[in-house]
Amino acid sequence: MGEIVIRAFRVSGYVPGPCSKCGKEERGLVMFEDYALGWECLACGELGHADRVEWIEGKDTALADLEDAEDE
Ligand SMILES: [Zn+2]
């Protein structure tokens, strides 16, 4: 059985990559009651567990896009 590793932005908690159920890239990091980490889809509510989180340092690209739009 392979280890499930997800990547998440440390600052925003955004988890890049498509939801396994609806395919939208709107996943956020969640912590379950047993302190296990995983992701939750903000579009359809699907949950997934992760054995390990690979943290991404720096700015979330989605947030960076928003900031760019505000400058115009
Ligand atoms: Zn989904």
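Two strands pair here if DSSP finds at least two bridges between them. Strands themselves are DSSP runs of E with at least two residues, helices are runs of H or I with at least four, and both are numbered from the N terminus.

A word on the source. This is a predicted model, in which local features need pLDDT of at least 70 and side-chain atom pairs count only at pLDDT 80 or more, while totals for chains, interfaces and linings use all residues. Residue numbers run from 1 along each chain as its sequence is written.

Back to S3 and S4. Leu 29 stands opposite Trp 39 in S4, and Met 31 has Leu 37 as its bridge partner in S4. The two strands form a hairpin with 5 residues between them. Tyr 35 is in that loop, between strand S3 (27–31) and strand S4 (37–41). What is the phi of Tyr 35? It is positive, about 70°, although Tyr 35 is not a glycine. Is Tyr 35 buried or exposed? Tyr 35 counts as exposed because it has 6 C-beta neighbours inside 10 Å. The cut-offs are these: 20 or more other C-beta atoms within 10 Å of a residue's own make it buried, 12 or fewer make it exposed, and anything in between is partly exposed, with C-beta atoms placed from the backbone.

Now the neighbours on either side. The open sheet has 4 strands in the order S2-S3-S4-S5, with antiparallel pairing. Its edge strands are strand S2 (14–15) and strand S5 (47–49), each pairing on one side only.

S2 pairs with S3 over 2 bridges, in the antiparallel sense. Tyr 14 has Gly 28 as its bridge partner in S3, and Val 15 stands opposite Arg 27 in S3.

Next, the packing. Which residues make up the largest nonpolar core? There are 6 in all: Ala 8, Phe 9, Tyr 14, Val 15, Leu 29 and Trp 39. Strand S1 (5–9) and S2 are the elements that give two or more residues to this core. A nonpolar core means a set of buried Ala, Val, Leu, Ile, Met, Phe, Trp, Tyr and Cys residues joined through C-beta atoms within 7 Å.

Leu 29 touches Ala 8, Gly 13, Val 15, Leu 37 and Trp 39, leaving out residues up to four places away in sequence. Contact means that two C-beta atoms, placed from the backbone, lie within 7 Å.

Finally, the whole chain. The protein has 1 helix and 6 strands, and along the sequence the pattern is β-β-β-β-β-β-α. Of its 72 residues, 12% count as buried. Among contacts with a separation of 6 or more, 40% come from residues 24 or more positions apart.
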